[in-house]
Structure formats: structure tokens, C-alpha cells
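Please read the points below with the model open beside you. They go through selected local features one at a time.

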Amino acid sequence: MSTIITKEEVAQVVSVLPNKIKIQVTDIEAFKENTESFSVGSYLRVSDSQDCALICIIENFTIEKNEEKKSQYILEAVPIGFLDSDKKFIRGGNNIAIPPTGVQPAKKEEIQSIYNAIEDKKMFCFSSLAQDTSIKIPVNGDKFFNKHIAVVGSTGSGKSHTVAKIIQEVTVVKEGKYEGLNNSHIIIFDIHSEYKQAFPDANYIDVDSLVLPYWLMNGEELEELLVESGENQAYNQTSLLRRLITRNKQIKSESEKVMFDTPVQFSIDEVANCIVNLSKETRNAKNPKSMCIKEGEKEFSNDEEKFDLYFEKEFDFEETKAQSINKGTYNDGTLEKFISRLKSKLTDKRLDFLLGEKVNGVSFEDTLIHLLGHRENENANVTIIDLSGVPFEVLSITVSLISRLMFEYGYYYKKHMEVTKKSHTPLLLVYEEAHKYVPKNQAAKFNSSRISIERIAKEGRKYGVTAMIVSQRPSEISESIFSQCNNFVSMRLTNPDDQNYVRRLLPDNLGPLTESLPTLREGEAIIIGDAIIMPSLVLMERCSPEPSSNDIDYLQEWKKQWLEVDFDKISERWKK
């Protein structure tokens with residue numbers, strides 16, 4: 001008659017440390033019997049006499065020979081949580097009674113019940129456990145989206161598919177049964193034109209359809225666009241620009257209370273006229289308040305009156321050769337580069353979405369509706385802003401302006417809602433390749449976008465505006481922004497600086513997870529944060545349809561017959 005060996009008899013705890021448990025296994029085959037998957041990263045259940053259990057994750061193992069020359073395994077496991085007698089899971093591993101009474105692989109039902117402790121209506125799922133894909137890994141949807149999210153991973157790790165899957169899932173969840181769209185509002189800053197394919201019904205905005213009136217820009221954005229920060233005269237140019245724009249806004253709005261940053265219309269062409277006139281201005285030597293315009297001298301009691309006339313057109317002034325004529329304050333050549341840059345911007349067809357004729361007549365309300373996807377009889381949960389055609393020199397400004405408008409929309413919407421007691425319309429802003437416009441680099445050309453996105457990171461969730469920061473180089477992103485992220489989806493990272501950056505965000509006792517960062521397969525990720533029961537290695541579910549981010553099959557394409565290229569069509573588009 002054979003003797004039945006139980007798992008308790010083939011495995012026992014031989015060492016308990018503050019952050020690690022050592023387990024001796026004399027018969028590994030018997031120990032892992034009826035277990036579908038058993039390897040480094042698998043879960044163990046360490047029991048005690050009070051019908052409680054410590055849930056651990058296997059970090060590594062060694063094989064030793066005992067006195068009888070038989071192999072035995074020493075497993076080292078990291079405690080990640082405690083399962084009490086009521087089957088309630090508590091993060092941390094200091095509650096186990098000494099001595100433990102048994103060790104066995106954690107049961108599938110037990111692991112699933114731990115993750116399913118989230119309230120049903122808050123449960124949001126887009127992945128499964130990498131060790132056993134039949135175990136679904138939900139997160140608390142409210143905690144996941146109402147705090148900022150970071151999705152990081154090297155090229156080819158599956159970031160775009162992960163982002164697309166999360167957004168596809170959230171746009172279909174509904175409370176109860178009703179027809180039409182749910183109330184999700186998501187804006188994707190798509191820098192490589194990837195997401196249109198994944199969201200065919202999205203409110204798609206590219207550089208040809210994008211309309212961002214320049215008069216909605218604030219001081220930092222206007223200065224970044226029009227003033228060269230490295231010039232000796234940058235301060236004087238900025239000061240003059242602020243005075244002229246403020247005055248022009250007051251004229252257009254017929255209100256003296258309008259300030260420089262007030263989002264009301266003004267004419268950039270009229271401001272340019274005024275700057276040109278100031279650069280050529282001549283005065284009556286005996287009466288400095290009288291300007292020597294060829295059409296006839298004009299006398300002004302203050303600068304505002306003079307600006308009002310100079311806005312109208314470019315005037316011709318009398319030459320300063322006569323002894324009775326002096327040069328004006330700005331007629332010393334210091335504005336020449338400023339004027340040249342300003343006229344260059346105004347005639348640049350690539351900037352039509354900011355400065356061209358199509359922004360004329362567009363209201364503040366039109367811009368918000370345009371960006372938020374509230375199209376007539378054709379609303380959309382997702383707005384894709386395709387930045388691939390936006391000139392790099394204004395990429396930061398474009399992202400900054402849209403981000404700031406969305407933050408202020410959330411701010412004023414909440415203030416309005418506190419009065420009217422209606423429902424909210426929270427926003428998620430997805431920043432693809434965020435290191436391109438909010439880097440650690442403190443260069444002036446990134447000031448506007450850094451200020452706008454850092455403000456969202458620090459204050460946005462109070463007003464229902466959260467951010468998803470997506471990047472292949474997390475170590476290069478502004479630390480002020482990353483430090484505000486509460487949930488991380490970390491995929492394969494091959495750069496040591498990026499690995500170390502993410503490791504610092506993870507608890508010290510998660511050795512097996514952190515060490516796997518450079519070896520994760522495509523689609524695998526570590527999820528950590530307030531929204532998940534415990535840090536987990538997961539396999540992301542595939543999205544459908546997929547974004548157009550798949551690698552080009554070079555060898556397969558090169559095998560094909562020579563392909564003729566329509567260079568005329570390419571160059572025509574390029575020049576346009």
C-alpha cells in the first residue's frame with residue numbers, strides 16, 4: 001500500500017526574514033501537482049495555525065543535494081499580502097504567525113478572489129495574470145482614472161496597443177442600459193498618427209482641420225511663438241508685445257478692464273502694423289508728442305492714442321535728415337529682427353491653424369466644441385489630435401494651448417456644476433511620446449507646455465482633468481509630472497536609466513517584478529498603484545481594431561518586385 005505525501009510534508013518554511021521567506025521542497029513534482037503553471041513569479045500560500053495565509057511571490061530558487069544525495073529545492077519568496085480568516089486581503093507581510101504550518105501553491109480561485117475584492121461597479125479590466133491568463137486582473141476604475149496614469153515602455157513593447165485597449169474598454173462601459181455613447185471624454189495627443197485606425201469613429205483633427213485661434217494663447221505661449229528668448233532685446237520686445245496686445249484687446253472688446261491673458265479676440269496683423277510704425281517713427285523735434293507722418297503731423301497725448309492709429313496700417317514717416325525731426329523711441333534698429341520674425345510667422349502656411357485666415361470668426365465656444373468632439377448629431381468619446389503635421393517649433397505651444405484650455409474648461413465647468421448640481425464630464429488627456437514636449441530640459445521652448453501639463457498634474461484631478469503620460473523614455477520626462485502619477489503600467493524597458501527610474505517607484509520588496517523589466521515580452525506589463533490590489537505582472541489583452549504602430553516587415557517588403565514611387569505626389573504634399 002503506497003503512502004500519500006501531502007504538499008505540507010514535501011515543503012516547509014526554513015527561514016522567515018522581514019522581507020523574505022525561504023522554503024525547502026523535497027519533492028518538487030508532488031509540490032506543484034495540479035498546478036498549471038509553476039515558475040519564478042508564481043504565487044505561494046504560506047498558512048498559519050489561525051487559518052490565515054501569507055501570499056508570496058517566488059523570487060528565485062536553488063537546487064541542493066541532501067544527505068541521501070537527492071535533489072531538494074530552496075525557494076525564496078517575497079511576501080506581498082496577507083489573507084485573513086475572512087478571506088480579506090491586506091497588503092504587507094508582517095502578520096503571519098510563527099511557526100507557519102504549511103506551504104503550497106496558491107489556488108487559482110484564491111488569487112482571483114483577491115483581485116475581485118474591488119467593488120463590482122468600480123471594477124475595470126483590460127489584462128490577465130501573466131503566469132495564468134485565465135485569471136483576470138481588474139483595477140479600481142475610479143482610482144485608475146481620477147489619478148494620473150503613466151504608461152512606459154521601450155519601442156516595440158506594446159505601449160500603443162495598451163493605450164488603445166484601455167481607451168477602447170472605457171468607451172463601452174455603461175451603467176444600466178441605454179443607447180448611444182457613454183459619458184467618457186478622452187483627448188489623445190497623437191504625435192505619430194497611430195490612433196486613427198484604432199478609433200474609426202473618433203473626432204479626428206489633423207493639421208488641416210485643426211483650428212486654434214492665436215488670440216487664445218496666453219503670455220508664455222505668445223512670447224514663445226514670437227520672441228527669440230536668446231536675443232539681447234528679448235525683454236524689451238516682450239514688454240512692447242504685451243502692451244500692444246493688451247491695448248488691441250481693449251479696443252476689440254470695447255472694455256478697459258481686459259488684461260493681457262484675457263481670452264478675447266485681437267488682431268495680430270494690427271499689432272504687426274503698430275510695431276512696424278514704431279520702428280520707423282519720427283517726431284517733431286520741438287514737440288515730441290507730434291509724429292511726423294507724411295499724410296500730416298499727428299499729435300497724441302499718450303501712447304494708447306498713438307497705438308490706436310498705428311494699428312490701422314503701415315504709415316510713411318518724414319525722413320530724419322531735417323533738423324526739425326528726431327527719431328522715435330524704437331527707431332534705432334532694435335526691432336528689425338523682431339519684425340522679420342513676426343512677418344515670417346504670419347506668412348508661414350504651416351501655421352495657418354494658428355495664424356491663418358481660417359481662424360478669423362472662430363469663437364471661444366467653437367474651439368471648445370471642436371476639441372471636445374461635440375459635433376452636431378455626431379458626438380464622439382475620443383478626440384484624436386494628430387500632431388504629426390504640426391511644425392516642431394510650435395509643437396510645444398500647440399500642446400500647451402490645448403492642455404490649458406482643457407484645464408480651464410474643467411475648472412469653470414466644476415464651478416458651474418457646484419451651483420447647478422448637475423453631473424460631471426471628466427476629461428482624460430493622453431500625452432503620447434510625452435518626453436518630446438515636457439522633458440527635464442529647462443529650455444525656454446518647452447516652458448509653455450511644461451507649465452500647462454505640470455499644472456494639470458498638480459491640480460487637474462480636483463477639476464476632473466487627469467493625464468495619461470505615455471513615453472519610451474521615462475527618465476527624460478519632467479519629474480514634477482511623473483511624481484504626480486499614482487498608477488503605473490510599466491512595459492519592457494531596455495535603457496538602464498529608465499529601468500532604474502521605474503525601480504525607484506516600486507516597493508523594495510518586489511524584486512522579481514523589478515528584475516523582469518528588461519526581459520518582459522511584448523504585451524506584458526507591471527501594474528502598480530492605488531487602483532490595483534497588489535503589484536502584478538500582467539499580459540495586456542489585444543485591442544481591436546489596432547493602432548497603426550506595427551513594425552514594417554523590411555525583409556518581406558524588400559523581397560517584392562521594385563516599386564515605382566509617385567515623387568510628384570509626395571513633393572506636392574511636402575511643399576503644401
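1. Basis. This is a predicted model, in which local features need pLDDT of at least 70, side-chain atom pairs count only at pLDDT 80 or more, and totals for chains, interfaces and linings use all residues. Residues are numbered from 1 along each chain as its sequence is written, and side-chain values use heavy atoms, with hydrogens and water left out.

2. Helix α10. Helices (H or I, at least four residues) and strands (E, at least two) are DSSP runs, numbered from the N terminus. Helix α10 takes in residues 336–347, twelve in number, and spans 17 Å from first C-alpha to last, close to the 16 Å expected at 1.5 Å a residue. That expected span is 1.5 Å times one less than the number of residues.

3. Phe-338, Ile-339, Arg-341, Leu-342 and Lys-345 are buried in α10. They lie on the same side of the helix because they cover an arc of only 165° around the axis, judged by the directions from the helix axis to the C-beta atoms. Lys-337 and Thr-347, on the other side of α10, are exposed. Here buried means under 20% relative accessible area, exposed over 50%, and partly exposed in between (1.4 Å probe, protein chains only). The cover over the buried residues of α10 includes α6 (219–226), α7 (234–253), α8 (268–280) and α11 (352–355).

4. Glu-281. This residue sits in the loop between α8 and β13 (282–284) and is buried, with a relative accessible area of 1%. Leaving aside residues up to four places away in sequence, Glu-281 touches Met-291, Lys-306, Tyr-310, Phe-317, Lys-327, Gly-328, Thr-329 and Asn-331; contact means heavy atoms within 4.5 Å.

5. Salt bridges around Glu-281. A salt bridge is a side-chain nitrogen of Lys or Arg within 4 Å of a carboxyl oxygen of Asp or Glu, and the count comes to 28 by this rule. One of them joins Glu-281 to Arg-283, with the closest N and O atoms 3.4 Å apart. Arg-283 is also buried, at a relative accessible area of 19%. A network of salt bridges links Arg-243, Glu-281, Arg-283, Asp-303 and Lys-306.

6. Two further salt bridges. Glu-408 pairs with Arg-404 at 3.8 Å, N to O. The two are four residues apart in helix α13 (residues 395–420), so about one helical turn separates them. Glu-408 is partly exposed at 24% relative accessibility, whereas Arg-404 is buried at 10%. Lys-560 and Glu-557 form another salt bridge at 3.2 Å, N to O, and Glu-557 is partly exposed at 43%.

7. Surface patch. Which residues form a nonpolar patch on the surface? They are Val-565, Phe-567, Ile-570 and Trp-574, with about 510 Å² of accessible area together. Such patches are made of residues with over 30% relative accessible area and no salt bridge, with nonpolar side chains (Val, Leu, Ile, Met, Phe, Trp, Tyr) joined within 5 Å and like charges within 9 Å. Areas come from the Shrake-Rupley method with a 1.4 Å probe, and for residues only the protein chains shown count as cover. Val-565 is in the loop between α18 (554–559) and α19 (567–575).

8. Backbone details. The peptide bond from Ser-544 to Pro-545 is cis, with omega near -5°, and Pro-545 lies in the loop between β22 (536–540) and α18. Ser-193 is not a glycine, yet has a positive phi of about 55°. Glu-433 likewise has a positive phi, near 50°, and is buried at 7% relative accessible area.
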